[in-house]
Amino acid sequence: MAEVTQLIHQYLRHNKKFPLVFCPGCGIGIVLGSLVRSVHALGIPKDDMAVVAGIGCSGRIAAYVDFNTVHATHGRALTLSTGIKMASPHLRVLTVMGDGDALSIGGNHLIHAARRNIGVTALVVNNFIYGMTGGQCSPTTPFGSYTHTSPQGQMEKSFDVVEMARAAGANGVYRGTVFHAKALDGLLQRAMSRPGFNLVEVLTPCFTQYGRGNKFRSPVEMFQWLKDHVVPREVYDKLDDKAGKIPMGIFVENDEPGLEQRHAAMRQALADKGGAGS
């Protein structure tokens, strides 16, 4: 454990005050740890990493890591990431968003980033609720769940993040949880190593805003729920009764070049013809 802690501190800003701002039982600290371990395992120099975060609890991750970082406006993290990747293709760009940030306010940007296949890794931290802004229902709040804006139960269908990313054309689509931290490390490293737009959905508890209103007695029960309900995709596919189960793992892996690669090839082709591409 001491080695892990020492490793994590290599990648954190030394002038930040700790402990983290996250509520007790929140899983975002585990996401932060997975991000640090993944960057270290891939051997990416800190100056070659760009982390862009949106607004929300998960957006605080950008404040702690010692990389190139941007704290974007609500729903616009992927637009800034697109510009950074096009201007500096050598950077590894990772975009951290919550479910409300990525799928509601920034939903349009998400589907077009996937369609364009820009070389960005999108890390969608899904806690089923707007946590920082007071506990409103989000596009991923499960049907029937209770929030401050759905006191009689959520009446709308929720988005399936994996299916949306797949339908929009993402090069890679993955799902993990903070309970399965080691598997999450592997999925994140895989997504960050591939060309084009890759999305990793991470399921995580929010006991403060979601759990207490939905009959969870403690954060431990929410982690237990993840353990009981989220299963590897290979196991899920063989289940006769899939009710209440959520698959995790690898859902899409294509090798199409990213937008910035296609743009560079076009510029080179124009330069070869003596045009204005160079």
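An open sheet of 8 strands, with the order 2-1-3-4-6-5-8-7 and mixed pairing, is found in this structure, which is a predicted model. Strand 2 (68-71) and strand 7 (230-232) stand at its edges; each has a single partner strand, so one side of each lacks a neighbour in the sheet. On average, neighbouring strands are turned by 20° against each other, direction ignored. Helix 2 (residues 28-42) packs on this sheet, and helix 2 also gives the most residues to the largest nonpolar core.

- Strand 4 (residues 120-126) and strand 6 (residues 198-203) run parallel and are joined by 6 bridges.
- Within this pairing, V124 stands opposite E201 of strand 6, and N126 has L203 of strand 6 as its bridge partner.
- Strand 5 (residues 172-177) is likewise parallel to strand 6, with 6 bridges between them.
- G176 stands opposite V202 in strand 6, while the bridge partner of V173 in strand 6 is L199.
- Strand 5 is largely enclosed by the rest of the structure, because 6 of its 6 residues are buried.
- On one side of strand 5 the buried residues are G172, Y174 and G176, and on the other they are V173, R175 and T177, so that both faces are covered.
- Strand 6 is also largely enclosed by the rest of the structure, since 6 of its 6 residues are buried.
- From strand 6, N198, V200 and V202 point one way and L199, E201 and L203 point the other way, all of them buried.

- Helix 2 touches strand 1 (49-53), strand 3 (92-98), strand 4 and strand 6, and its direction makes about 155° with that of strand 4.
- Helix 4 (residues 77-87) also packs on the sheet, where it touches strand 1, strand 2, strand 3 and strand 4.
- The direction of helix 4 makes about 180° with that of strand 3.

**Nonpolar cores**

- The largest nonpolar core has 45 residues, of which V39, M49, I61, L94, V96, L123 and V200 touch the most other members.
- Helix 2 gives the most to this core, with 6 residues.
- Leaving aside neighbours within four places in sequence, L123 is in contact with V31, L94, T95, V96, M97, L188, V200 and V202.
- Another core, of 28 residues, lies apart from the largest one and has A102, L110, V162 and A168 among its members.

**Helix 2 against helix 8**

- The axes of helix 2 and helix 8 (residues 181-192) come within 9 Å and cross at roughly 50°.
- The two helices are therefore oblique to each other, and their crossing is right-handed.
- From helix 2, the residues I30, S34, L35, R37, S38, V39, A41 and L42 take part in the contact.
- Their counterparts in helix 8 are A181, L184, D185, L188, Q189 and M192.

- N127 lies in the loop between strand 4 and helix 7 (161-168).
- With a relative accessibility of 8%, N127 counts as buried because the limit for that class is under 20%.
- Beyond its neighbours within four places in sequence, N127 is in contact with D99, T204, P205, C206 and Y210.
- F18 belongs to the loop between helix 1 (2-10) and helix 2, and its relative accessible area of 38% makes it partly exposed.
- Leaving aside neighbours within four places in sequence, the contacts of F18 are L12, R13 and Y64.
- F18 and Y64 are 46 residues apart along the chain, and their C-alpha atoms are separated by 9.5 Å.
- H229 is placed in helix 10 (residues 219-229) and is partly exposed, with a relative accessible area of 23%.
- H229 is in contact with G244, K245 and I246 when neighbours within four places in sequence are left aside.

Conventions. Residues numbered from 1 in each chain as written. Predicted model: local features only at pLDDT ≥ 70, side-chain atom pairs only at ≥ 80, totals over all residues. Heavy atoms only, no water. Pairing = 2+ DSSP bridges. Helix = DSSP H or I, 4+ residues; strand = E, 2+ residues; numbered from the N terminus. Axes fitted to C-alpha atoms, helices over the stretch in contact; angles between N-to-C directions. Contact = heavy atoms within 4.5 Å. Core = buried A, V, L, I, M, F, W, Y, C linked by side-chain atoms within 4.5 Å. Buried < 20%, exposed > 50% of the residue type's maximum accessible area, 1.4 Å probe, protein only. Parallel < 35°, antiparallel > 145°, perpendicular 65-115°, else oblique. Left-handed = near helix turned anticlockwise from the far one by under 90°.
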